[in-house]
Amino acid sequence: QTMYAGLAFSLDGKHLYASFDSLSAPEGNGKEDTGNAIAVFAVAEGAITAEKLIPVPLQVLEKGRTQNQLGKRIPDGQAIPAPAGLAVVRGRDGSEQILVADNFSDDALLLDAATGKVIHRFDMAETTVVPAMYPIAVAVSRDNEHAFVALWNGSALAELNLRTGKVVDKLALLPPEEKTSPSSHPAALAM
(Lines give C-alpha, C1' and ligand atoms only; values in the text may rest on other atoms or scores of the structure.)
Protein backbone atom coordinates (compact mmCIF):
# COMPACT_ATOMS: atom_id res chain seq x y z
CA GLN A 1 0.00 0.00 0.00
CA THR A 2 1.62 3.21 -1.13
CA MET A 3 0.69 6.87 -0.86
CA TYR A 4 1.50 7.91 -4.38
CA ALA A 5 1.68 11.18 -6.30
CA GLY A 6 -1.62 12.91 -5.59
CA LEU A 7 -2.56 15.43 -2.92
CA ALA A 8 -5.36 17.98 -3.22
CA PHE A 9 -7.38 20.08 -0.81
CA SER A 10 -11.17 20.14 -0.94
CA LEU A 11 -12.90 23.27 -2.23
CA ASP A 12 -13.53 24.50 1.32
CA GLY A 13 -10.05 23.53 2.57
CA LYS A 14 -11.49 21.28 5.29
CA HIS A 15 -10.40 18.01 3.67
CA LEU A 16 -7.24 16.67 2.12
CA TYR A 17 -7.36 13.95 -0.54
CA ALA A 18 -4.39 11.60 -1.10
CA SER A 19 -3.95 8.87 -3.68
CA PHE A 20 -3.07 5.31 -2.62
CA ASP A 21 -2.05 2.58 -5.01
CA SER A 22 -1.64 -1.11 -4.45
CA LEU A 23 -0.40 -3.79 -6.80
CA SER A 24 -0.43 -6.56 -4.20
CA ALA A 25 -3.99 -5.96 -2.90
CA PRO A 26 -5.60 -3.79 -5.61
CA GLU A 27 -9.12 -4.03 -4.19
CA GLY A 28 -8.08 -3.78 -0.53
CA ASN A 29 -9.53 -5.90 2.22
CA GLY A 30 -11.32 -3.38 4.45
CA LYS A 31 -8.67 -3.73 7.15
CA GLU A 32 -4.98 -2.98 6.80
CA ASP A 33 -4.88 -3.04 2.98
CA THR A 34 -6.16 0.20 1.45
CA GLY A 35 -6.24 -1.09 -2.09
CA ASN A 36 -6.38 1.52 -4.85
CA ALA A 37 -8.16 4.41 -3.21
CA ILE A 38 -8.37 8.08 -2.42
CA ALA A 39 -7.82 8.68 1.29
CA VAL A 40 -9.91 11.50 2.78
CA PHE A 41 -8.48 13.36 5.76
CA ALA A 42 -10.20 16.06 7.84
CA VAL A 43 -8.11 19.21 8.27
CA ALA A 44 -8.65 21.33 11.40
CA GLU A 45 -6.40 23.54 13.49
CA GLY A 46 -3.26 22.39 11.69
CA ALA A 47 -3.92 18.67 12.19
CA ILE A 48 -5.17 16.00 9.82
CA THR A 49 -7.36 13.07 10.84
CA ALA A 50 -8.15 10.04 8.69
CA GLU A 51 -11.86 9.94 7.77
CA LYS A 52 -12.48 7.40 5.02
CA LEU A 53 -11.27 5.77 1.84
CA ILE A 54 -12.89 6.20 -1.56
CA PRO A 55 -12.11 2.94 -3.39
CA VAL A 56 -10.91 3.22 -6.98
CA PRO A 57 -12.13 0.00 -8.61
CA LEU A 58 -10.35 -2.20 -11.10
CA GLN A 59 -10.89 -0.61 -14.49
CA VAL A 60 -12.71 -2.38 -17.30
CA LEU A 61 -10.65 -2.10 -20.45
CA GLU A 62 -11.93 -1.66 -23.97
CA LYS A 63 -12.40 -4.97 -25.82
CA GLY A 64 -9.09 -6.29 -27.12
CA ARG A 65 -6.97 -4.59 -24.46
CA THR A 66 -5.17 -6.26 -21.61
CA GLN A 67 -3.00 -5.13 -18.73
CA ASN A 68 0.61 -6.14 -18.40
CA GLN A 69 0.57 -8.21 -15.21
CA LEU A 70 2.16 -5.74 -12.79
CA GLY A 71 1.07 -7.16 -9.46
CA LYS A 72 -1.65 -9.49 -8.27
CA ARG A 73 -3.23 -11.50 -11.07
CA ILE A 74 -6.56 -9.97 -12.06
CA PRO A 75 -9.27 -11.05 -14.52
CA ASP A 76 -8.66 -10.53 -18.24
CA GLY A 77 -10.09 -7.28 -19.55
CA GLN A 78 -9.50 -5.43 -16.28
CA ALA A 79 -6.65 -3.26 -15.05
CA ILE A 80 -5.24 -2.15 -11.72
CA PRO A 81 -5.68 1.65 -11.82
CA ALA A 82 -2.83 2.92 -9.55
CA PRO A 83 -4.29 6.38 -8.77
CA ALA A 84 -1.68 9.12 -9.13
CA GLY A 85 -2.35 12.86 -9.59
CA LEU A 86 -5.51 14.45 -8.18
CA ALA A 87 -7.43 17.66 -8.83
CA VAL A 88 -10.64 18.92 -7.24
CA VAL A 89 -13.49 20.03 -9.49
CA ARG A 90 -16.67 21.98 -8.69
CA GLY A 91 -19.56 20.29 -10.50
CA ARG A 92 -22.23 22.38 -12.20
CA ASP A 93 -24.55 21.64 -9.28
CA GLY A 94 -21.89 22.81 -6.80
CA SER A 95 -20.91 19.28 -5.78
CA GLU A 96 -17.30 18.41 -5.21
CA GLN A 97 -15.64 16.01 -7.62
CA ILE A 98 -12.14 14.55 -7.82
CA LEU A 99 -10.26 14.02 -11.06
CA VAL A 100 -7.85 11.08 -10.73
CA ALA A 101 -5.03 10.12 -13.11
CA ASP A 102 -4.89 6.31 -13.18
CA ASN A 103 -1.25 5.59 -13.89
CA PHE A 104 -1.50 1.85 -14.71
CA SER A 105 -4.85 1.72 -16.56
CA ASP A 106 -4.16 4.58 -18.99
CA ASP A 107 -7.27 6.51 -17.97
CA ALA A 108 -8.54 9.29 -15.76
CA LEU A 109 -11.65 9.14 -13.59
CA LEU A 110 -13.97 11.91 -12.49
CA LEU A 111 -15.38 10.80 -9.12
CA ASP A 112 -18.13 12.21 -6.91
CA ALA A 113 -16.21 13.14 -3.74
CA ALA A 114 -19.13 12.36 -1.43
CA THR A 115 -20.12 8.96 -2.82
CA GLY A 116 -17.06 7.78 -4.76
CA LYS A 117 -19.29 7.10 -7.79
CA VAL A 118 -17.52 7.31 -11.16
CA ILE A 119 -19.06 10.18 -13.14
CA HIS A 120 -16.84 9.78 -16.24
CA ARG A 121 -14.00 7.51 -17.30
CA PHE A 122 -11.59 9.04 -19.81
CA ASP A 123 -9.80 6.29 -21.76
CA MET A 124 -6.41 7.42 -23.07
CA ALA A 125 -4.99 4.02 -24.05
CA GLU A 126 -3.54 3.77 -27.53
CA THR A 127 -2.12 0.25 -27.46
CA THR A 128 -3.50 -3.22 -26.86
CA VAL A 129 -1.44 -3.58 -23.66
CA VAL A 130 -1.73 -1.06 -20.84
CA PRO A 131 -0.08 0.77 -19.28
CA ALA A 132 1.64 2.56 -22.13
CA MET A 133 0.64 6.23 -21.63
CA TYR A 134 1.05 6.35 -17.80
CA PRO A 135 -1.26 9.30 -16.86
CA ILE A 136 0.54 10.89 -13.89
CA ALA A 137 -0.73 14.41 -13.18
CA VAL A 138 -3.91 16.45 -13.70
CA ALA A 139 -4.94 20.10 -13.67
CA VAL A 140 -8.41 21.65 -14.02
CA SER A 141 -9.36 24.93 -15.73
CA ARG A 142 -10.79 27.68 -13.54
CA ASP A 143 -14.21 27.30 -15.14
CA ASN A 144 -14.22 23.57 -14.18
CA GLU A 145 -15.11 22.66 -17.77
CA HIS A 146 -11.78 21.29 -19.00
CA ALA A 147 -8.86 19.39 -17.55
CA PHE A 148 -5.44 18.35 -18.70
CA VAL A 149 -3.65 15.07 -18.03
CA ALA A 150 0.12 14.64 -18.26
CA LEU A 151 0.85 11.42 -20.13
CA TRP A 152 4.27 10.55 -18.74
CA ASN A 153 5.20 7.89 -21.28
CA GLY A 154 2.98 9.33 -24.02
CA SER A 155 5.04 12.57 -24.24
CA ALA A 156 1.79 14.50 -24.39
CA LEU A 157 -0.99 16.33 -22.59
CA ALA A 158 -4.53 15.08 -23.04
CA GLU A 159 -7.33 17.64 -22.88
CA LEU A 160 -10.58 16.44 -21.30
CA ASN A 161 -14.06 17.93 -21.47
CA LEU A 162 -15.32 17.30 -17.93
CA ARG A 163 -18.97 17.91 -18.85
CA THR A 164 -19.21 15.58 -21.85
CA GLY A 165 -16.79 12.96 -20.54
CA LYS A 166 -14.70 13.05 -23.73
CA VAL A 167 -10.99 13.25 -24.49
CA VAL A 168 -11.06 16.18 -26.91
CA ASP A 169 -7.44 16.74 -27.88
CA LYS A 170 -3.88 15.66 -27.36
CA LEU A 171 -0.89 18.01 -27.40
CA ALA A 172 2.41 16.34 -28.22
CA LEU A 173 5.34 17.43 -26.03
CA LEU A 174 8.60 16.59 -27.80
CA PRO A 175 7.70 12.98 -28.63
CA PRO A 176 10.63 10.73 -29.54
CA GLU A 177 11.21 9.90 -33.18
CA GLU A 178 11.45 6.20 -32.28
CA LYS A 179 9.16 4.64 -29.65
CA THR A 180 12.17 3.19 -27.81
CA SER A 181 14.00 6.54 -27.56
CA PRO A 182 13.84 8.77 -24.47
CA SER A 183 10.83 11.08 -24.31
CA SER A 184 9.87 14.32 -22.57
CA HIS A 185 7.98 12.55 -19.72
CA PRO A 186 5.63 15.36 -18.59
CA ALA A 187 5.10 14.79 -14.88
CA ALA A 188 3.58 17.89 -13.25
CA LEU A 189 0.95 20.48 -14.19
CA ALA A 190 -0.26 23.78 -12.77
CA MET A 191 -3.02 26.13 -13.88
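Glu-145 and Arg-92 pair up through their side chains in a salt bridge, 3.3 Å from N to O. The term here means a side-chain nitrogen of Lys or Arg within 4 Å of a carboxyl oxygen of Asp or Glu. This pair ties together distant parts of the chain, 53 residues apart: Glu-145 sits in the loop between strand 13 (135-140) and strand 14 (146-151), while Arg-92 sits in the loop between strand 8 (83-90) and strand 9 (96-102). Strands are DSSP runs of E with at least two residues, numbered from the N terminus.

A quick word on the model: it is predicted, so local features need pLDDT of at least 70 and side-chain atom pairs count only at pLDDT 80 or more, while totals for chains, interfaces and linings use all residues. Residues are numbered from 1 along each chain as its sequence is written, and side-chain values use heavy atoms, with hydrogens and water left out.

Back to that pair and its surroundings. Arg-92 is exposed, at 65% relative accessible area, whereas Glu-145 is partly exposed at 23%. The cut-offs are under 20% for buried, over 50% for exposed, and partly exposed in between, using a 1.4 Å probe and protein chains only.

The structure holds 7 salt bridges, and some of them join up: Glu-62, Arg-65, Asp-107, Arg-121 and Asp-123 are linked in a network. Within it, Glu-62 bridges to Arg-65 with the closest N and O atoms 3.6 Å apart. Arg-65 is buried at 16%, but Glu-62 is partly exposed at 47%. Arg-121 bridges to Asp-123, with 4.0 Å between the closest N and O atoms. Arg-121 is partly exposed at 26%, and Asp-123 is partly exposed at 25%.

Note on methods: Helices (H or I, at least four residues) and strands (E, at least two) are DSSP runs, numbered from the N terminus.
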